[in-house]
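Welcome! Please have a look at the sequence and the model first.

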Amino acid sequence: MRANCWLLFVLAGIVAGIAVTEAGENKGAEIIVLRGGRSGRVTFPHATHQKVLKDCKLCHHLFPQKQGAIKDLKKQGKLKKKAVMRNCMRCHRKTAKTGRKSGPVRCKTCHRK
Ligand code: HEC
Ligand code: HEC
Ligand code: HEC
């Protein structure tokens, strides 16, 4: 009897957990302003990318889904300057070549003082 109660309790917990992650996945801000050093800030449309690209790992393989993650990793010496930027540009170039709608590759289209 006791063992059965525990099993039910655990199962209920698992089901509740899945429901929470499915309904409440934290997608972060729709628009994020990133530090771009001397070249000026970069306004990044996060939600647009999530919708078009689907796969979070196309960016978050470089840094976790946490506000300020890029700045923190750079400070700890775990992420090179411009490493994230190169990832942005690489994809924009590649996408443009296929003729699909893509993003900017020129400095001043991304960076604003
Ligand atoms: C094209 C790149 C890119 C993709 C794809 C992407 N993100 Fe992000 N995400 C970022 C950047 C850049 C930040 C800001 C990190 C920082 O502040 O240093 C960020 C931050 C976040 C944060 C932290 C909160 C915030 O608003 O800063 C969460 C949560 C997050 N992303 C969730 C997701 C999820 C979930 C997906 C997939 C559905 C996803 N992201 C796809 C680039 C991306
Ligand atoms: C697709 C948008 C985009 C384009 C185009 C772009 N950048 Fe960036 N840049 C970023 C982002 C995002 C960051 C912050 C993340 C990083 O450092 O990787 C950044 C960071 C930087 C930094 C600061 C690095 C640091 O940590 O101090 C400099 C300097 C810079 N960019 C210069 C340039 C120059 C010069 C060009 C043109 C050749 C350029 N960027 C083109 C998005 C872009
Ligand atoms: C894996 C591919 C990929 C990566 C990585 C990526 N982008 Fe993009 N980006 C796109 C595509 C595709 C579009 C065109 C979106 C559309 O259809 O509206 C785009 C569009 C944009 C636009 C223009 C949005 C508009 O409203 O016209 C900006 C600005 C931009 N990206 C900035 C960035 C920055 C900054 C990063 C890095 C932090 C980044 N992107 C990383 C694929 C990518």
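Six donors count as octahedral if opposite donors are over 155 degrees apart and all others lie between 65 and 115 degrees. Keep that rule in mind as you look at this predicted model, because the site of the iron atom of ligand 3 is octahedral, with angles of 88 to 180 degrees among its 6 donor atoms.

**The iron site**

- Two histidines, His49 and His92, coordinate the iron atom of ligand 3 through their NE2 atoms, at 2.0 Å.

**How open the two histidines are**

- His49 has a relative accessible area of 23%, so this residue is partly exposed.
- His92 counts as buried, because its relative accessibility is 12%, and buried means under 20%.

**Around Lys113**

- Lys113 sits in the segment that follows strand E3 (111–112).
- With a relative accessible area of 79%, Lys113 is exposed.
- Beyond its neighbours within four places in sequence, Lys113 is in contact with Arg38, Ser39, Gly40 and Arg41.
- Ser39 and Lys113 are 74 residues apart in sequence, while their C-alpha atoms are 6.8 Å apart in space.
- A polar atom of the Lys113 side chain lies 2.9 Å from the backbone oxygen of Arg38.

Key: Residues are numbered from 1 along each chain as its sequence is written. Chains are lettered from A and ligands numbered from 1 in the order in which they are written. This is a predicted model: local features need pLDDT of at least 70, side-chain atom pairs count only at pLDDT 80 or more; totals for chains, interfaces and linings use all residues. Side-chain values use heavy atoms; hydrogens and water are left out. Donors are N, O and S atoms within 2.8 Å of the metal (3.2 Å for Na, K and Ca); water is not among the atoms, so sites may look incomplete. Four donors count as tetrahedral if all angles lie between 85 and 135 degrees; four count as square planar and six as octahedral if opposite donors are over 155 degrees apart and all others between 65 and 115; anything else is irregular. Buried means under 20% relative accessible area, exposed over 50%, partly exposed in between (1.4 Å probe, protein chains only). Helices (H or I, at least four residues) and strands (E, at least two) are DSSP runs, numbered from the N terminus. Contact means heavy atoms within 4.5 Å. A polar contact is a pair of N or O atoms within 3.5 Å; within protein, one must be able to donate a hydrogen and the other to accept it, and residues adjacent in sequence count only if both atoms are side-chain atoms.
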